[in-house]
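Here is a short briefing to read alongside the model. Take a look at the structure first, and then we can walk through a few of its contacts together.

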Amino acid sequence: MDELQRSEIARVVPSILGQLAFLFADPAEPQDFAAADGPYLAGSLTFSGPSNGGMAAAMPEALALELAANLLGSETDDPKAIEFAHDALGEFLNVACGHVLTALHGPGPVFLLSAPHLFELTAPEAGALARKQGSFAFAVDGAPFLFQASFCGCCAEVPGEANA
Amino acid sequence: MEFDILMVDDSRTVKAVIAKSLAVAGVPVKTLFDAGNGREGLDILRREHVDLVFADLNMPVMGGMEMVAEMKADTALRAIPIVVISTEGSDARIGELREKGVAAFLRKPFKPEMLKRILEEILGAAHG
């Protein structure tokens, strides 16, 4: 991953999280992931176009619930927010990926994004992923949030069956 | 006047956000249909009255571009306005959508007031 890719991801991902769900992310340390309680709700997708690769995101269930509640304009005890938490994470990943690709390639190229594949990670698994190349660690009100990207197979592969 | 609206998206969250945005914008909705892909959307359109369609692009089974093409090729469906809501950022793809006759394009993330403005233009002042 080159410096432009790193800097744009570090800028765009928190920006999208803020615009989409009014959640504000600060940089965090990879070791924060293994220390937090699991499970982590996670999602991954692949993209193809002028460049190919994949992106993934993972966050503790409570943060995904807050994401869903904020997207829906409801509270975290809203049954709909609880039901939609994982889907909301997938939607965030979809939107973030689209904006990262536009930031890197401009509005010219056409990219095809796969549907997000949703899965869970234990805290140790999230911790291991956070230490891999292409991973970005953030914190939202102290809750760790992981974003990972790979371009043209030059970074660690994005987890999940979508990339098997 | 109340409107029959169809949402076509494989994300339940997005459809819930659209429904909420319609309520916040004060759009009078009689029936809110939802479909998980373009094929399901076309099935609904061929049996129900629909005043407006919200459609995503990247969906399984049948995507939004294909659904739009089929709607425009069908004399019974071609006049129904379509608003595409997508993460799509490519000028070429957006241009292609406009050429196919899509009424409007909203890039995610969007604010409810953006949705309201578009609906006011498309559906007229009837919904206030």
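Leaving aside its neighbours within four places in sequence, which residues is Ser90(B) in contact with? In this predicted model, Ser90(B) is in contact with Pro107(A), Gly108(A), Pro109(A) and Val110(A), once those sequence neighbours are set aside.

- You will find Ser90(B) in the loop between strand E4 (82-86) and H4 of chain B.
- Ser90(B) has a relative accessible area of 1%, so this residue counts as buried.
- Within chain B, the side chain of Ser90(B) reaches the backbone nitrogen of Arg93(B) at 3.1 Å.

- Between them, chain B and chain A bury about 1,800 Å², and 51% of that is on carbon and sulfur atoms.
- Of the area that chain B buries against chain A, 31% is supplied by Arg12(B), Thr13(B) and Pro109(B), more than by any other three residues.
- Chain A brings 24 residues to the contact, and chain B brings 19 residues.
- The rule finds 13 residue pairs in polar contact across the interface of chain B and chain A (both at pLDDT 80 or more).
- On the side of chain B that touches chain A, helix H1 (12-24) and helix H4 (91-99) of chain B are the elements that give two or more residues.
- H1(B) provides the largest share of that side, with six residues.
- Two salt bridges are found across the interface of chain B and chain A.
- One of the salt bridges joins Lys108(B) to Glu91(A), whose closest N and O atoms are 2.8 Å apart.

**Aromatic rings in chain A**

- Over all chains, a search of the whole structure finds four aromatic pairs.
- Among them is the edge-to-face pair of Phe47(A) and Phe111(A), at 6.1 Å centre to centre and with 75 degrees between the planes.
- Phe47(A) lies in strand E2 (residues 40-48) of chain A, while Phe111(A) lies in the loop between helix H4 (79-105) and strand E4 (112-113) of chain A, so the pair ties together parts that are 64 residues apart in sequence.
- Phe47(A) is buried, with a relative accessible area of 3%, and Phe111(A) is buried too, at 8%.
- As for another ring, Arg6(A) lies over the face of Phe136(A), at 4.4 Å from the ring centre.

Notes
Residues numbered from 1 in each chain as written. Chains lettered and ligands numbered in written order. Predicted model: local features only at pLDDT ≥ 70, side-chain atom pairs only at ≥ 80, totals over all residues. Heavy atoms only, no water. Phe/Tyr/Trp six-rings, centres within 6.5 Å; stacked < 30°, edge-to-face > 60°. Helix = DSSP H or I, 4+ residues; strand = E, 2+ residues; numbered from the N terminus. Buried < 20%, exposed > 50% of the residue type's maximum accessible area, 1.4 Å probe, protein only. Lys NZ or Arg CZ within 6 Å of the ring centre and 35° of its normal. Contact = heavy atoms within 4.5 Å. Buried area = accessible area lost by both parts, 1.4 Å probe. Salt bridge = Lys/Arg side-chain N within 4 Å of Asp/Glu carboxyl O. Polar contact = N/O pair within 3.5 Å; in protein donor to acceptor, adjacent residues only side chain to side chain.
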